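Here is a structure to read through in questions and answers. Please look at it before going on.

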Number of protein chains: 2
Amino acid sequence: MGHLKQQRESEDSWYATAPDRQRHEALLRKALDVILEEAVFAGTSRDGKVCEWRDPEELRKTLDLSLPHGDGKEPADDATLLRLVRDTIKYSVKTGHPYFINQLYSGLDPYGLVGQWLTDALNPSVYTYEVSPVFTLMEEAVLQEMRNIVGFPVDQGDGIFCPGGSMANGYAISCARYHYFPEVKTKGMHGLPRLAVFTSEDAHYSVLKMATLLGLGGDSVYMVRTDARGRMDAAHLDELVTKARESGAHPLLVSATAGTTVLGAYDPIEPLTAACRRHNMWLHVDAAWGGGALMSRRRRHLLRGVHLADSVTWNPHKLLAAPQQCSTFLTRHTGVLGGAHSAKATYLFQPDKFYDTRYDTGDKHVQCGRRADVLKFWFMWKAKGTLGLEKHIDHLFDNVTYFKEAIRCRPGWELVLREPECTNVCFWYVPPSLRGQQDQADYNDRLHKVAPKIKERMMKEGSMMVTYQPLRGLPNFFRLVLQSSATTVEDMDHFICEIERLGCDL
Amino acid sequence: MGHLKQQRESEDSWYATAPDRQRHEALLRKALDVILEEAVFAGTSRDGKVCEWRDPEELRKTLDLSLPHGDGKEPADDATLLRLVRDTIKYSVKTGHPYFINQLYSGLDPYGLVGQWLTDALNPSVYTYEVSPVFTLMEEAVLQEMRNIVGFPVDQGDGIFCPGGSMANGYAISCARYHYFPEVKTKGMHGLPRLAVFTSEDAHYSVLKMATLLGLGGDSVYMVRTDARGRMDAAHLDELVTKARESGAHPLLVSATAGTTVLGAYDPIEPLTAACRRHNMWLHVDAAWGGGALMSRRRRHLLRGVHLADSVTWNPHKLLAAPQQCSTFLTRHTGVLGGAHSAKATYLFQPDKFYDTRYDTGDKHVQCGRRADVLKFWFMWKAKGTLGLEKHIDHLFDNVTYFKEAIRCRPGWELVLREPECTNVCFWYVPPSLRGQQDQADYNDRLHKVAPKIKERMMKEGSMMVTYQPLRGLPNFFRLVLQSSATTVEDMDHFICEIERLGCDL
């Protein structure tokens with residue numbers, strides 16, 4: 001340890017000296033081997049587990065997460081570091097595993113991974129052209145093409161990458177607020193009427209969170225009823241707008257959803273556009289989840305009318321399977337992002353630079369330093385072509401069709417929606433002991449407990465991960481969500497067999 | 001091309017079949033070799049350039065950023081993809097190069113890089129324990145230890161990782177607002193008095209941006225004067241608080257800065273604490289840049305009193321040289337983050353899970369899906385030990401001392417501050433043609449043009465990158481900022497010689 005300690009203590013010059021460099025290079029290569037073999041290859045293999053479950057307290061004892069402090073404060077040696085890499089992999093959920101269908105992201109795309117690793121090696125921050133020339137132009141190219149695909153008018157509009165779809169939805173509210181009340185930038189909400197935001201009861205909770213953060217308050221978010229297929233009821237929207245106006249509020253924005261989180265419903269954009277025009281409101285489409293359908297000629301009808309929206313949230317890290325995280329906010333309005341958010345800091349956005357400073361795009365964001373989330377997706381797009389992305393989307397929907405058909409006539413399987421629109425399939429698995437007892441008073445209570453129990457079992461075995469949730473009084477049901485292109489129809493069969501195996505005795 | 005196209009078109013099952021897998025693995029390994037050799041090793045070598053400058057329009061022609069669309073929509077072959085990797089590296093700024101001292105992040109720490117690459121391979125999103133067990137506990141461990149180092153009371157308080165220091169400063173305003181006016185969560189700013197925020201004229205622009213985003217408005221941000229050393233003037237703060245109150249505003253928060261962006265000044269926290277107690281305001285310390293000094297026994301006095309603050313922004317990706325991005329918000333108040341931001345979405349934060357759901361920490365954030373920014377820093381901390389991080393900080397400050405002394409008596413070099421506090425050194429380089437002409441009417445105008453010209457030359461040669469800016473009427477000056485542990489005293493000499501070489505004929 002004495003020698004090691006001495007070595008480490010000279011490490012204030014990481015790359016400065018040749019011996020340091022050799023040692024770092026050796027560790028880097030060894031760690032990379034472990035990462036490739038254990039996380040990338042074994043971690044995405046059907047032969048391996050999706051997770052190696054430990055309770056929080058147990059995991060804390062198993063994995064040495066503590067940081068060196070006190071008198072010792074000793075650094076770890078390379079063998080220990082490699083063990084920590086291995087343990088981190090072992091106890092982490094394998095989100096790239098084909099049997100991980102628990103969230104609205106999954107899979108481990110090889111091109112996306114190359115893009116991430118390259119981004120990390122270049123360690124950029126995207127705010128000025130001078131420090132991020134390639135990433136700046138890459139963002140421009142990707143955002144422009146995404147706006148084209150949405151159908152926004154050519155040569156106008158704007159877009160940014162955001163740290164998640166929630167923030168993108170927040171940008172929508174911020175842009176709408178500035179668009180109608182530019183004085184908000186200096187005067188704030190003080191003196192403005194109460195601003196009302198409308199979204200469906202099945203919309204993502206970020207609309208509520210962002211309205212709260214932006215100072216509108218949760219009470220100003222009106223939850224519009226959904227129809228039997230989970231889509232926003234345009235007639236009820238009209239009622240709520242009237243109600244809001246009668247209570248003295250100013251109707252600001254409708255956030256329609258293209259692909260709701262649980263049911264995967266697509267709100268009807270065209271009638272909502274009409275309502276927004278009638279009431280002079282901003283139409284935002286939260287297509288964080290379902291936006292990927294725009295890449296498919298067979299599926300883009302799901303977002304019919306999206307080109308009429310004022311803004312769109314679209315996360316390539318969801319249906320398009322880019323690595324976490326890759327979220328965009330797109331708008332048809334040129335200048336509104338800069339108008340609402342710029343601060344013109346002279347230490348960063350110097351006007352006397354020697355190049356065209358319109359390429360210094362950072363001031364449109366509320367972030368200053370910002371990771372580049374574009375390269376991974378751009379690289380995937382280059383590798384697959386637009387046709388490859390379309391095939392990916394079609395493949396996902398085909399798998400959903402297969403799964404839906406496979407469970408339709410199977411005893412104990414009940415769809416929540418007969419015709420799901422996105423790649424969500426929501427269903428109850430009714431164990432044999434509960435079948436035919438729908439009329440009993442405690443049926444729903446008992447069914448409510450089935451999914452959590454099956455989930456517990458699958459987590460403890462590590463055999464797959466799928467999520468469950470209640471919804472508007474309905475007992476807990478499972479939600480299958482597909483976005484990993486690694487999943488096949490055989491995997492669909494596996495999911496069915498596995499849930500039956502884990503739940504048939506309940 | 002025919003064969004290739006056929007291959008690619010079957011790629012809707014990335015990892016599904018053995019031949020796909022072999023092909024992906026081969027590309028991944030080849031790309032990794034390029035990334036290691038060209039970005040990691042050559043990109044951080046003093047023998048290489050910091051940047052390969054191209055004007056935006058020129059770069060657009062050189063590097064094929066376009067996305068495949070139209071009828072062709074062809075995917076790129078592997079040779080093309082590898083060329084794109086190489087070109088992306090070639091034309092990107094080498095932020096890990098020891099001569100890149102342009103921003104408040106730099107360097108390419110080998111342990112940090114391992115942590116990033118491992119994070120990417122695991123592709124996590126941190127909101128619930130079940131999908132991110134290791135990252136959840138890792139965040140808890142790091143945030144707890146950072147709060148200990150700040151000096152917050154043990155066993156209370158909270159913290160989160162944020163997408164940048166700007167967002168962390170936004171969390172401070174949001175938490176303060178909820179702390180004093182919990183009804184804001186439902187009612188919004190409507191009906192509240194105008195809320196006033198105080199920060200220094202040299203504070204980071206994110207305070208203004210975030211006050212605007214949160215609906216307070218830019219006029220509610222009061223810019224407190226700084227003293228001759230760039231530190232907030234506590235007496236002027238008192239005046240402004242009185243003025244704000246007289247105008248009907250409610251003084252909400254003071255955002256002190258520990259390490260201002262340009263001058264590197266540390267606001268005097270203790271007198272500001274007293275002012276906040278007197279006026280019942282929240283004291284936030286934006287230590288995004290200068291917080292790293294807390295790791296050094298020799299330097300932590302710069303933040304004397306920080307343990308008395310209500311909250312702190314501290315970015316390990318700045319002085320502590322973690323990869324971009326790694327930003328934290330820390331607060332002494334337990335529960336305020338959840339109180340201000342939770343939405344209790346039942347599809348994600350199910351209360352009937354089989355484990356202790358207090359470990360599902362996502363609802364404290366305004367983001368939903370969220371990249372794990374903890375592992376890279378945790379891994380660096382493990383590798384270096386707390387002592388290693390301390391040595392890193394001391395090394396940076398020692399280099400600053402060396403640089404400052406080296407230029408002090410050198411003709412044509414003038415310090416903006418005689419005694420800079422953080423690792424910023426701001427200076428003018430006065431070319432021979434301007435020396436001794438301080439009394440001439442156009443001296444400042446001419447000096448103002450020197451730094452941009454030198455900057456243009458260094459960018460076009462790619463020999464180094466350092467930034468310049470004006471400040472409160474002062475003509476453009478350079479700002480040296482150190483946080484990369486790769487920089488040595490020889491590098492300080494290089495910076496001096498290089499600026500003289502590029503500017504002596506101006």
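Me: How are the residues and chains labelled, and which pLDDT do local features need?
Reply: Residues are numbered from 1 along each chain as its sequence is written, chains are lettered from A and ligands numbered from 1 in the order in which they are written, and side-chain values use heavy atoms, leaving out hydrogens and water. This is a predicted model, in which totals for chains, interfaces and linings use all residues, side-chain atom pairs count only at pLDDT 80 or more, and local features need pLDDT of at least 70.

Me: What area is buried between chain B and chain A?
Reply: Contact means heavy atoms within 4.5 Å, and chain B and chain A each bring 175 residues to it. Buried area is the accessible area (1.4 Å probe) that two parts lose on being put together, summed over both. Carbon and sulfur atoms give 62% of the area here, which is about 15,300 Å².

Me: How many salt bridges are there between chain B and chain A?
Reply: A salt bridge is a side-chain nitrogen of Lys or Arg within 4 Å of a carboxyl oxygen of Asp or Glu. The side chains of B:Asp219 and A:Lys187 form one, at 3.1 Å from N to O. Between chain B and chain A the count is 12.

Me: Which residues lie nearest the centre of the largest pocket?
Reply: On a 1 Å grid over the protein atoms alone, a pocket is an open set of points where a 1.4 Å probe fits, with protein on both sides within 12 Å along at least five of seven lines; lining residues have an atom within 4 Å of a point. The largest pocket holds about 590 Å³ of space, a volume being the space filled by probe spheres set on the points, which are joined across faces, edges and corners. Of its 26 lining residues, those nearest the centre are B:Glu140, B:Asp158, B:Arg358, B:Thr361 and B:Lys364.

Me: Which helix gives the most to the lining of the largest pocket?
Reply: Helices (H or I, at least four residues) and strands (E, at least two) are DSSP runs, numbered from the N terminus. Two or more lining residues come from each of helix H3 (56-62) of chain A, and helix H6 (133-150) and strand S2 (158-162) of chain B. The most, 6 residues, come from H6(B).

Me: How much space lies in the second largest pocket?
Reply: This pocket is lined by 19 residues, with A:Glu140 and A:Asp158 among those nearest its centre. H6(A) supplies the largest share of the lining, 7 residues. The space is about 480 Å³.
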